[in-house]
Amino acid sequence: MNACKRRFPGFFITFEGPEGAGKTTQIRWLRDHLAAAGKTCLITREPGGTPLAERLRGIVKHLDSGEKLQPETELMLIAAARCQHVHEVIRPALLRGEVVLCDRFYDSTAAYQGAGRGVSKTLIETLREAAVGDCVPDLTILLDLPPEVGFERTRTRQETAGRFDRFEAEQLAFHTRVRQEFLTIAVREPERVRVVAADRTPEEVSAAIRSMLNDVEI
Ligand code: Z5A
């Protein structure tokens, strides 16, 4: 990782993986670890991260108008949220020299809208470039686990029990395609994407992430 050319004074880390992989938990723990080492960290998420992007997140997760959200519409809403998020939050933080820890980013688009919904890769790539520009993650931590295990974790958590969003309501085959796409990206971009097995205790996952970061100059 040290050989990688830095684009900004800060360092951009994204977390990806199926639902229930533990991204939110691990991001908080990594923030605490990096803060103890003197780093200023910014935690953010997608879709979301700005007031407008959070409103778009609400639509994408829980469209309550009764109409079907077309896959391309879903993609464009996510891309619009990302454009706003990158320009208003991520890029400025990286320019200030902060470590940005983002819960999901454009690999989720390839996985959910591409592999999951079947949207054209060309359209996904065009919108990615328009929204992201040079704000490419320095490192992506892919927390990998079978979708069934993630379902079990999220569907039993108290605060959301019985209320499924539009992604949680999808069938196992959808989530299996999503997982496979994440793993394909990791094979294609081994310098950027590091896979961490998430089917173990949160403490074990955290230790694996820290050990993997030993050769990364943040
Ligand atoms: N989406 C998209 O389609 N396209 C895009 O481009 C982007 C996103 C950016 C965001 O939903 C949805 O947006 C997402 C894809 C779509 N939907 N799905 N699926 P979200 O943010 O609400 O959901 P999520 O990203 O999947 O997060 P999550 O379900 O909250 O999971 P998580 O953040 O990976 O895990 P967690 O919150 O840390 O933990 C989940 C539960 O498991 C919790 O009760 C923990 O205490 C427990 N947990 C955590 N780690 C462990 C371990 N190791 N063992 C046991 N239990 C654990």
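A: A crossing of two helices is left-handed if the near helix is turned anticlockwise from the far one by less than a right angle, and right-handed if clockwise.

Q: OK, and in which crossing does H2 pass H3?

A: In this predicted model, where local features need pLDDT of at least 70, side-chain atom pairs count only at pLDDT 80 or more, and totals for chains, interfaces and linings use all residues, H2 passes H3 in a left-handed crossing. Residues are numbered from 1 along each chain as its sequence is written, and side-chain values use heavy atoms, with hydrogens and water left out.

Q: At what angle do H2 and H3 pack?

A: Helix H2 (residues 51–61) and helix H3 (residues 71–95) pack at about 160°, with their axes 8 Å apart; axes are lines fitted to C-alpha atoms, for helices over the stretch in contact, and angles run from 0 to 180 degrees between N-to-C directions. H2 and H3 are therefore roughly antiparallel, a label for angles over 145 degrees.

Q: Which residues of H2 meet H3?

A: Leu52, Ala53, Leu56, Ile59 and Val60 in H2 meet H3 residues including Leu77 and Ile78, where contact means heavy atoms within 4.5 Å.

Q: Switching to strand E3, how many of its residues are buried?

A: In E3 (residues 99–103), 5 of 5 residues are buried, that is, under 20% relative accessible area with a 1.4 Å probe, protein chains only. Val99, Leu101 and Asp103 point one way, while Val100 and Cys102 point the other way.

Q: And in what sense does strand E1 pair with E3?

A: E1 (residues 11–16) pairs with E3 in the parallel sense over 5 bridges, where pairing needs at least two bridges found by DSSP, and phenylalanine 15 stands opposite aspartate 103 in E3.

Notes
Helix = DSSP H or I, 4+ residues; strand = E, 2+ residues; numbered from the N terminus. Parallel < 35°, antiparallel > 145°, perpendicular 65-115°, else oblique. Buried < 20%, exposed > 50% of the residue type's maximum accessible area, 1.4 Å probe, protein only.
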